[in-house]
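Here is a friendly walk through one protein model. Please have the sequence and the 3D view open as you read.

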Amino acid sequence: MEEKLTLVEEWDKTFPKSDKVNHCKVTFHNRYGITLAADLYSPKNAEEKLPAIAVCGPFGAVKEQSSGLYAQTLAERGFLTIGFDPSFTGESGGSPRYVASPDINTEDFQAAVDFLSAQDNVDPEKIGIVGICGWGGMALNAAAIDTRIKATVASTMYDMTRVNAKGYFDAEDSENARYEKRKALNAQRTADYKNGEYARAGGVVDPLPADAPSFVKDYYDYYKTSRGYHKRSLNSNDGWNVTSSLSFLNMPILQYSSEIRSAVLIVHGEKAHSCYLGKDAFEKLTGDNKELMIIPGAVHTDLYDQIDVIPFDKLETFFNENLK
C-alpha cells in the first residue's frame, strides 16, 4: 500500500541530536494512500508501553525544523513521539508537490494516530498531538473528529482557513475581497494547466525589505538564516503552489471545535501577531479541560525553537495528566 520513499539517513536537523533518546526514520500512510515520512523518537531504556505524541508544523516547514525539536524534547521527557512531514511536502509522498489541503492535512494527523496505535510499545489509549503554527488549527480540527486523540496542544497557532478567507486581523473579510482572490487563483489554475506546471508562491521574502512588518522579519530570521533554514522547507525556499490556498477560502476547519471533548492546551506568545487566532480558537472551546497559556513577551517564532521560551514543563505536565 505504501509508496517507496527515499529518506535521508544522516542527521540533517536544525537542532542538535539528543543522546537521551533513540531515533529512527519511519513511514506510514493516510487513507488517501499517501505515504508520510516521520522521525520517531523514543526514550532510551524504556521497557513498558508508552504514551505517544504526533507533532507537525509549522505551515511550510519540515520535520527537521520546529516539529522535530518538539518531538525530540518530549521524547526526552518520557513520551514516544513522531515528527512528520505533511502530504506533498518534505520527504513525504503525494503528487503534485507543494500543495496543502484542509481535509488531507487534518487526515495526516489521523494517519499518525493510526500508526502510533499499531506500535507494540505504545499504549493506544494514550495518544496526543501537537500542532505548530498552521498545523495548530489542523490539530484542533483533528481533535474534533478523532476520538482516539486524548490531548491536543496548539502552539503559536494559525487558523489557515480564516487567514486565507478573511486576511490578517480579518481586514479582508468581505464578499468582494474573497471574490477577487477567487478570480486570481482560478486564473492561475488556467495558466498552470496550460503551462503544465504549478507556479510557486515564493517562501519568506528575500531579500528582506527595510519596511517589512516585524513578524515578517521574525519569519526571515528563522527560515532564511542558519537558525532554521532547511533545504526541503517550503518557507525557506520557493513556497507553496500559488493555487494551494484555494480550498482554504471556503472550508473553515474549526466549524466543530466547540464539540472537542478531549483536553486542549493552546499556547501563544503575548506579542505574536497571530495571538488573536489562538485566543479566538480558545473562546470556541467548551468544557473544563481546556486551557490557554500566554507566554509574556514572546513573538510568533519564539515558539518555533527557543527552548527557554517554549513551555516544555507545561507540555509535559499537560500530557502526563491527560494521557493517564
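## About the model

This is a predicted model, in which local features need pLDDT of at least 70, side-chain atom pairs count only at pLDDT 80 or more, and totals for chains, interfaces and linings use all residues. Residues are numbered from 1 along each chain as its sequence is written, and side-chain values use heavy atoms, with hydrogens and water left out.

## The overall fold

The protein chain holds 9 helices and 8 strands; these are DSSP runs numbered from the N terminus, with helices being H or I of at least four residues and strands E of at least two. Along the principal axes, the C-alpha atoms fill a box of roughly 55 × 45 × 40 Å.

Contact here means heavy atoms within 4.5 Å. Among contacts with a separation of 6 or more, 73% join residues 24 or more positions apart.

## Surface and charge

Of the 324 residues, 55% count as buried, where buried means under 20% relative accessible area, exposed over 50% and partly exposed in between (1.4 Å probe, protein chains only). The chain exposes about 14,300 Å², and carbon and sulfur atoms supply 48% of that area; the areas come from the Shrake-Rupley method with a 1.4 Å probe, and for residues only the protein chains shown count as cover.

## Cis peptide bonds

Two prolines deserve a look. The bond from Gly57 to Pro58 is cis, with omega near 0°, and Pro58 sits in the loop between β3 (50–56) and α1 (66–76). The bond from Asp206 to Pro207 is also cis, with omega near 5°; Pro207 belongs to the loop between α5 (175–195) and α6 (214–223).

## Positive phi angles

Asn45, in the loop between β2 (35–43) and β3, is not a glycine, yet has a positive phi of about 70°. Asn45 is exposed, at 74% relative accessible area.

Phe88, also not a glycine, has a positive phi of about 75° and is found in the loop between β4 (80–84) and α2 (102–117). Phe88 is buried, at 7% relative accessible area.

## Around Val299

Val299 is placed in the loop between β8 (290–295) and α8 (302–305). Leaving aside neighbours within four places in sequence, Val299 is in contact with Asp218, Lys271 and Ala272. The C-alpha atoms of Val299 and Glu270 are separated by 6.7 Å, with the two residues 29 apart along the chain.
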